[in-house]
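Please look through the structure below slowly, keeping the sequence beside it, and then follow the explanation from the arrangement of the parts down to single residues.

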Amino acid sequence: MSPVASDFVPFKLHASSSVDEYLKANEEWRKQMQNEHPTLFTLNGQGQDPHTLFIGCSDSRYNENIIGVLPGEVFTFKNIANKVNPEDMTCLATLEFAINVLKVNKVVICGHTDCGGIKTCLKDQRKDLPAIECSHLHHYLQDLDDLCHENKALLNSPEYQNSLEKQSRLLSILNVKKQFKNLLSIDTVQKALANNSIQTYGMLYNVDSGKVELVDV
């Protein structure tokens, strides 16, 4: 059974929720935030001054909140498999705006366990994506598929070969390292590092425990 179908799920909204339920949930959240942090919305109404750029996967199970922040602290860029593509205009523009305009002093690339994109490549299912009208996704995952094949010997070593979960975790870590290398190849980041104006980190979020780990990049 899908966890979303369970009676024990703590989610407030679900697939059949009406727009009125969305608005009601927002009102409840707003009141809770006002009670816990009375000055937050007034502060945010004056502009943003984030300290961190968080680059993560679009997976619904995590975002910048995993590091315990409030709205206004972190500028966020999410995409499938937390990719940093030096040829992607959205990625480049996000880095420029975060580093050169907002003046963040930390950039975090945070992958996660149980990644759907990674498991698709591990199970050799990327080739099937066009048949389910996901041709763009098929193309998008090419470099992740390449990463999988480049590390085939390691993934099939005795420590990992009999466990998809271990292979997935390993490939998630290797992907963070690859995307971190891509990050360091971008001029905006190189200039900021040369000026000692930013710090860069690789992280891995464990969806089954909520724990964040540093990745040795």
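In this predicted model, the C-alpha centres of domain 1 and domain 2 lie 28 Å apart. The domain assignment places residues 14-47 of the protein chain in domain 1 and residues 48-214 in domain 2. Where these two parts meet, 6 residues of domain 1 are in contact with 5 residues of domain 2.

How much area is buried between domain 1 and domain 2? The size of an interface is often expressed as the accessible area that is lost when the parts come together. For domain 1 and domain 2 this area is about 390 Å², and carbon and sulfur atoms give 69% of that value. On the side of domain 1 that touches domain 2, the elements giving two or more residues are helix H1, which covers residues 19-36, and helix H2, which covers residues 40-44. The residues on this side of domain 1 divide into 3 nonpolar and 3 polar ones, with no charged residue among them. Across the interface of domain 1 and domain 2 the rule finds 0 salt bridges, while the count of residue pairs in polar contact between the two domains, with both residues at pLDDT 80 or more, is 1.

Turning to the protein chain as a whole, you can find 9 helices and 5 strands in the model, and, read along the sequence, they follow the pattern α-α-β-β-α-β-α-α-α-α-α-α-β-β. Taken along the principal axes, the C-alpha atoms fill a box of roughly 55 × 50 × 35 Å. Of the 217 residues in the protein chain, 37% are buried. Among the contacts with a separation of 6 or more, 60% are accounted for by residues 24 or more positions apart.

Ser17 has a relative accessible area of 14%, and because buried means under 20%, Ser17 is buried. A polar atom of the side chain of Ser17 lies 2.8 Å from the backbone nitrogen of His14.

The other residue, Lys119, lies in helix H4, which spans residues 116-122. Is Lys119 buried or exposed? Its relative accessibility is 12%, so Lys119 counts as buried. Leaving aside residues up to four places away in sequence, Lys119 touches Asp114, Leu164, Glu165 and Ser168. Within this group, Glu165 is 46 residues from Lys119 along the chain, and the C-alpha atoms of the two are separated by 8.8 Å.

Technical notes:
Residues numbered from 1 in each chain as written. Predicted model: local features only at pLDDT ≥ 70, side-chain atom pairs only at ≥ 80, totals over all residues. Heavy atoms only, no water. Helix = DSSP H or I, 4+ residues; strand = E, 2+ residues; numbered from the N terminus. Buried < 20%, exposed > 50% of the residue type's maximum accessible area, 1.4 Å probe, protein only. Contact = heavy atoms within 4.5 Å. Domains from an automatic or database assignment. Buried area = accessible area lost by both parts, 1.4 Å probe. Salt bridge = Lys/Arg side-chain N within 4 Å of Asp/Glu carboxyl O. Polar contact = N/O pair within 3.5 Å; in protein donor to acceptor, adjacent residues only side chain to side chain. Nonpolar A, V, L, I, M, F, W, Y, C, P; charged D, E, K, R; others polar.
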